[in-house]
Amino acid sequence: MKSLIQTLTQTPGPSGYEQEIRKVIREAVTPLSKSIQVDALGSLIVRVGEKKPGGLRVMVAAHMDEIGVIVSHVEKKGFVRFSNLGSILPRYLAGGRVRFLNGVRGVINHDRSEELARIPGVEKYFIDVGATSDKDCPVKVGDVAVFDREFLDMGKRVSSKAMDDRVACAVLIETMRNIKTTPNELVFVFSTQEEVQSRGAQTAAYAIEADLGIAVDVTPSGDILGVNMQVYLGQGPAIKVRDVGMIADPKVVKWMADTAKKNQIPCQMEVLDVGSTDARTMQLARSGMLAGALSIPCRYVHSPSELVDMDDITQSVKLLTALLSERIQL
């Protein structure tokens, strides 16, 4: 799956501007479904299988947007001020590079401070695109960019920008390829604007009206010093119990854990104290639905160099395939 993940991560698609990544994903899933649509917010909705007696309609979501920046002002000397699209962490910015959707590349730095050890807020950063003034600046207010960082193959582990959440998009695509039969109606949603309050999944969930929702997303790995969380790289996917935005239905958690045990798939349990996923909006759609989430451990989340373990990705595909291929009893 490395080549698929590389293609997905290197295709730009910040929140609200997912056109290019949607084209790439649509090309990958076209041979796998006869029912593909794009909704009003740009989410790609792919249906597989029909709901048979005893089956469920299941919405499986992975967001295809990535964090980015948007130009808010161009200084007289040509430096570009910006705001965030999604949660941008200032500690990762200085010395980084971005690529605008029009192809322009730039280097990030910040205003000089007397406190050199202090990390400034986003408002103190600027992008140097090589301009000498606002007149010859090749970008304008409203232009958007993503981090500019290549895919790094480290053997068992790989690193890139936008692993959040393109690695989960790859898991959904591979799961669709692996499912041969199912009694369930499976609705795979490659959602938009998750990084800005899960807007794409919210409207998609309202329209789909599923019996069960599963979000697939990354989660911070706790094997870094100073992180108090028991989800570790290389130990399999994590089954979400709770995060800031939702409490997974206990029946869904048990079903996922039992399925992993039955199929001898290593897994972990996740309690997350920061952030949430598309499962939050699915759980609250219309009159509500049973919801859970499958999480892929990831180091350095929301940085330009997110890192994942290929074994975790493979096991995530195995678990999701097993969950969706059989009759679901909750």
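This is a predicted model: local features need pLDDT of at least 70, side-chain atom pairs count only at pLDDT 80 or more; totals for chains, interfaces and linings use all residues.
Residues are numbered from 1 along each chain as its sequence is written, and side-chain values use heavy atoms, with hydrogens and water left out.

Let me begin with the sheet, which is open and consists of three strands in the order β10-β11-β17 with antiparallel pairing. The strands β10 (152-153) and β17 (306-309) stand at the edges with a single partner strand each, so one side of each is left without a neighbour in the sheet. Strands here are DSSP runs of E of at least two residues, and helices are runs of H or I of at least four, numbered from the N terminus; two strands pair if DSSP finds at least two bridges between them. Between β11, residues 157-160, and β17 there are four bridges in the antiparallel sense, and among them R157 has D309 as its bridge partner, while S159 has L307.

What lies across β11 and β17? It is helix α3, residues 163-178, which runs at about 30° to β17, where axes are lines fitted to C-alpha atoms, for helices over the stretch in contact, and angles run from 0 to 180 degrees between N-to-C directions. Both faces of β17 are covered, with E306 and V308 buried on one side and L307 and D309 buried on the other; buried means under 20% relative accessible area, exposed over 50%, and partly exposed in between, with a 1.4 Å probe and protein chains only.

L233 sits in the loop between β13 and β14 (238-242) and is itself buried, at a relative accessible area of 5%. Leaving aside residues up to four places away in sequence, L233 touches, among others, R157, L307, V308 and D309, contact meaning heavy atoms within 4.5 Å.

The search of the whole structure finds one cavity of 30 Å³ or more, and the largest cavity holds about 80 Å³ of space. Its lining includes E306, H302 and D164.

The largest pocket has a volume of about 700 Å³, and of the 28 residues lining it, P220, V274, G275, V301 and H302 are the closest to its centre. Strand β13, residues 212-220, gives the most to this lining, with four residues.

Finally, the second largest pocket has a volume of about 240 Å³, and the elements giving two or more residues to its lining are α5 (250-262) and α7 (310-325). Residues lining this second pocket include W255, K262, L323 and R327.

Notes: On a 1 Å grid over the protein atoms alone, a cavity is a set of points where a 1.4 Å probe fits but cannot get out, and a pocket is an open set with protein on both sides within 12 Å along at least five of seven lines; lining residues have an atom within 4 Å of a point. Grid points are joined across faces, edges and corners, and a volume is the space filled by probe spheres set on the points.
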